[in-house]
Amino acid sequence: MTTVLVVDDERQIAQIARDYLEHAGFAVITAADGRDALARARASHPDLVVLDLGLPNVDGLDVAKTLRRESDVPIIMLTARVEESDRLIGLAVGADDYVTKPFSPRELVARVQAVLRRAHSGPGSDVLRIGDLVIDLPRLKVTRGNTAIDLTTTEFQLLSTMARHPGRVFTRAQLLDAVRGTEVDAFERAIDAHIKNIRHKLERDSRKPRYVLTVYGVGYKCADS
């Protein structure tokens, strides 16, 4: 059974999340503060973590950073902070998605299911698909329909990084980290130039991209398969 760790210091919210997730068929464990969250994550190895941003003892952002250093477990950030900067910080430290309080429990379940689908279908596959775009990882080959598309090493690495997690938003800093060691200028805005080149090669109309999408104020993502 798929296990979800719900971390929230508000008991009522944690219970509501637990009830709906269990009704959807998940096993659920809970934690009420950051230290307990890390201990339970290390002991239970959950398949996904729903993590409140504001926690006692250890802040949710610090918990997310630690989890991301130790594993690739998907993280959905749960936050009452509505400022865009808070959401961006959550994504920047490695969260896969976020839900803003007050939230619909059914939406939370849907987000959990969507993130798990992406996690299970992405990294384990040698061939990734986005619509009619096929990315063959072992062969470093990209095709659209019957047309082969020539990408540079950096362009292929950027595209495959995003395609492994369709729908997940990547900041420029995260994409830059993914291509360090290849021939790429060491500043975040260089990513914009590479994305522009990728779109020019992939898209039938680069002004209306279908594969690599801009998330304004955050970064880029690949469209859901």
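Which residues is Val-142 in contact with, leaving aside its neighbours within four places in sequence?

1. The model discussed here is predicted. In it, and with neighbours within four places in sequence left aside, Val-142 is in contact with Leu-133, Val-134, Ile-135, Thr-147, Ala-148, Ile-149, Leu-151, Phe-156, Leu-159 and Leu-202.

2. Val-142 belongs to the largest nonpolar core, a group of 26 residues in which Val-142, Ile-135, Leu-159, Leu-202 and Val-212 are the ones with the most contacts inside the core. At least two residues of this core come from each of strand 6 (127-130), strand 7 (133-136), helix 6 (153-163), helix 7 (172-179), helix 8 and strand 12 (219-222). Helix 6 gives the most, contributing five residues. As general background, nonpolar side chains in soluble globular proteins tend to be buried together.

3. Ile-195 lies in helix 8, which spans residues 190-202. Its relative accessibility is 1%, and Ile-195 therefore counts as buried, the cut-off for that term being under 20% relative accessible area. When residues up to four places away in sequence are not counted, Ile-195 touches Met-162, Val-212 and Tyr-220. Between Ile-195 and Thr-214 there are 9.5 Å in space, C-alpha to C-alpha, and the two are 19 residues apart in sequence.

4. Strand 12 pairs with two other strands, and each pairing deserves a look. With strand 11 (residues 212-215) the pairing is antiparallel and extends over four bridges, and within it Leu-213 stands opposite Lys-221 of strand 12. Three residues separate the strands in this hairpin of strand 11 and strand 12, where Gly-217 takes a positive phi near 85 degrees. Strand 10 (residues 170-171) also runs antiparallel to strand 12, and two bridges join them; in this case Thr-171 has Gly-219 of strand 12 as its bridge partner.

5. Asp-136 may interest a reader who is checking charged residues, and its place is in strand 7. Is Asp-136 buried or exposed? Asp-136 is buried, because its relative accessible area is 12% and the term applies under 20%. Apart from neighbours within four places in sequence, the contacts of Asp-136 are with Asp-126, Val-127, Lys-141 and Phe-156. Phe-156 is also one of the residues in contact with Val-142, the residue with which this note began.

Definitions and conventions: Residues are numbered from 1 along each chain as its sequence is written. This is a predicted model: local features need pLDDT of at least 70, side-chain atom pairs count only at pLDDT 80 or more; totals for chains, interfaces and linings use all residues. Side-chain values use heavy atoms; hydrogens and water are left out. Buried means under 20% relative accessible area, exposed over 50%, partly exposed in between (1.4 Å probe, protein chains only). Contact means heavy atoms within 4.5 Å. A nonpolar core is a set of buried Ala, Val, Leu, Ile, Met, Phe, Trp, Tyr and Cys residues joined through side-chain atoms within 4.5 Å. Two strands pair if DSSP finds at least two bridges between them.
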